[in-house]
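Thank you all for coming; I would like to walk you through one structure this morning, slowly and in order. Please have a look at it on the screen before I start.

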Amino acid sequence: MTTTFFAAQHTHKQLRRVMLRVKDGPDRGSQITVARSRLTIGRSAVNDLVLSDTSVSGTHAEIVIGDAGVLLHDLDSTNGTFVQGIRIKSAWIEAGAAVKVGKTDIELLSADEVQVPISGEDHFGALYGRSAAMREVFATLERVAPTEMSVLIGGETGTGKELVARALHDESNRAPGPFVVLDCGSLPRELAEAAILGHKKGSFTGAMSDRPGCFEEGNGGTLFLDEIGELPLDLQPKLLRVLDRREVQRIGESQVRKVDVRVVAATHRDLRMMVGQGLFREDLYFRLSVMSVDLPPLRERGEDVLMLSDRFLEDFARVYQGAQIASKPVFSQAAREALLGEQFPGNVRQLKNIIQRAAHLCRAGVIEPSDLHLGRREEPRSITDTARESRAAPPASFDEALFAQPFKDAKQQMVDGFEREYFSRLLDRTDGNLSRAAAEAGITRYYLRELLKRLGMHKVRDDGD
């Protein structure tokens with residue numbers, strides 16, 4: 001890779017670090033110091049703070065460290081998470097706060113600043129970004145790529161997890177070998193085992209010929225297991241066996257074949273929570289996550305949105321200029337501001353589709369906000385008006401579509417519907433006064449605003465306060 005203008009800038013950023021100490025309980029005296037933005041507490045070995053307390057759930061609680069402070073989440077534990085004697089779902093905490101999980105009292109001792117290296121590059125493979133969050137990812141990938149380590153990539157849908165896997169392959173000594181992708185999320189259950197191990201002709205209905213599995217196909221190269229969290233639980237021991245022994249036995253055969261493959265896996269799910277819930281094997285998690293890399297969502301990457309938009313526009317012009325367009329389109333200033341104001345739940349994939357569509361639809365070679373189709377933009381309204389509008393959408397109901405979803409997604413849909421209705425009624429009752437509403441709900445005013453943002457009820461003024 002070539003050095004960009006970033007090399008002259010600071011190569012470190014500040015990241016907060018927390019220290020947790022067990023004050024009372026079976027693990028009294030234990031403590032950890034963690035320099036990550038997210039850490040978990042629970043009985044399962046996948047957690048950062050591992051407890052032996054049997055009244056603590058497998059993955060019990062999570063602490064998220066951000067610019068706004070330290071946020072504690074209960075992860076649907078059996079016995080709950082308590083702050084100052086109050087059971088919480090989520091709560092902001094400060095240094096010195098006492099947290100109780102099960103029979104264990106934990107103290108948050110500090111939230112210090114530590115140095116974290118960031119890359120001097122604005123890209124790694126086909127991944128681009130100038131934000132500190134992405135350059136921190138690049139720094140990790142640059143160190144990991146030349147090794148043989150297994151890598152687990154986390155991040156929301158559309159953040160570029162497959163691009164990370166391919167870049168790791170291209171920057172490694174395995175680059176001349178194959179790069180094979182197995183999408184665990186789209187595998188029919190009856191074909192998943194054959195896709196992994198391969199099969200002999202006639203070994204089952206539909207096996208019309210001998211066929212190698214993904215490990216054999218990736219021999220000498222890299223195997224990318226996409227959406228590994230969707231792999232059925234009963235197939236996970238078979239995958240683990242291949243990873244440990246580096247050999248496969250096709251279905252219907254007795255012959256054992258050696259394989260030499262580097263494995264990179266990815267998921268949009270929280271595998272540590274799945275381990276705690278018994279939905280993902282702990283030993284397989286550790287085997288896959290020798291190194292973990294989490295991709296930040298686009299909404300947390302600042303002006304990377306504009307950098308990526310320009311790149312997508314250049315790609316569009318390179319393909320279509322002279323055939324369907326006379327010259328490369330450009331963004332108006334208003335369009336750039338509109339892009340910066342979006343949340344992009346579909347992340348980089350959604351942004352790329354938006355830019356390609358706008359480039360086709362724009363007039364006179366200038367992309368305006370209306371060409372982006374980002375949704376109707378309105379003037380700020382009172383919080384009471386926003387709450388009343390949100391009540392027009394009823395909470396999720398028990399219909400067939402709900403039950404066709406995975407349990408976690410269906411449950412979240414129901415919870416979101418309840419929360420939206422609850423806060424709509426609360427804000428109606430308090431005339432949109434956030435302080436009064438927070439007091440009635442028993443939560444802080446700041447946390448109430450964060451909840452309203454998550455529920456899409458945040459385009460408001462604080463006129464009522």
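This is a predicted model: local features need pLDDT of at least 70, side-chain atom pairs count only at pLDDT 80 or more; totals for chains, interfaces and linings use all residues.

**Around Arg246**

Residues are numbered from 1 along each chain as its sequence is written, and side-chain values use heavy atoms, with hydrogens and water left out.

Arg246 sits in the loop between helix H5 and strand E19, which covers residues 247–248; helices (H or I, at least four residues) and strands (E, at least two) are DSSP runs, numbered from the N terminus.

**The cores**

Phe215 brings us to the largest nonpolar core, which has 31 residues, and in which Phe215, Leu223, Leu225, Ile228, Leu239, Phe280 and Leu288 touch the most other members. A nonpolar core is here a set of buried Ala, Val, Leu, Ile, Met, Phe, Trp, Tyr and Cys residues joined through side-chain atoms within 4.5 Å. Among the elements that each supply at least two residues of this core are strand E15 (179–183), helix H4 (214–217), strand E18 (222–226) and helix H5 (236–245), and the largest share, four residues, comes from H5. As for Phe280, not counting residues up to four places away in sequence, this residue touches Ile228, Gly229, Leu233, Gln236, Leu271, Met274, Val275, Tyr285 and Leu288. There is also a second, separate core of 24 residues, which includes Ile63, Ile65, Val70 and Ala97.

The next element to find is an open sheet of five strands, ordered E15-E18-E21-E14-E22, with parallel pairing; two strands pair if DSSP finds at least two bridges between them. E15 and strand E22 (291–294) are the edge strands, each pairing on one side only. Within this sheet, strand E14 (residues 151–154) and E21 are joined in the parallel sense by four bridges, and Ile153 has Ala266 as its bridge partner in E21.

Another open sheet of five strands has the order E4-E3-E5-E6-E9, this time with mixed pairing. E4 and strand E9 (90–93) stand at its edges with a single partner strand each, so one side of each is left without a neighbour in the sheet. Strand E3, residues 38–42, is mostly covered, since four of its five residues are buried. On one hand E3 is joined by four bridges to strand E5 (residues 61–66), running antiparallel, and Ile41 stands opposite Ala61 there. On the other hand two bridges join E3 to strand E4 (residues 49–50), running parallel, with Val50 of E4 as the bridge partner of Gly42.

**Cysteines, and one more arginine**

How many disulfides does a search of the whole structure find? The search finds zero, a disulfide being a pair of cysteine sulfur atoms within 2.5 Å. The sulfur of Cys214 is 7.8 Å from the closest cysteine sulfur, in Cys184, which is too far for a bond. Cys184 is buried, with a relative accessible area of 4%, and Cys214 is buried as well, at 3%.

Arg301, in the loop between E22 and helix H8 (304–320), is buried, with a relative accessible area of 4%. Leaving aside neighbours within four places in sequence, Arg301 is in contact with Tyr128, Gly129, Ser131, Met134, Pro296, Leu308 and Val348.

**The whole chain**

To finish, the protein chain has 16 helices and 26 strands, and of its 465 residues 45% count as buried. Among its contacts between residues at least 6 apart in sequence, 61% join residues at least 24 apart.

Note on methods. Buried means under 20% relative accessible area, exposed over 50%, partly exposed in between (1.4 Å probe, protein chains only). Contact means heavy atoms within 4.5 Å.
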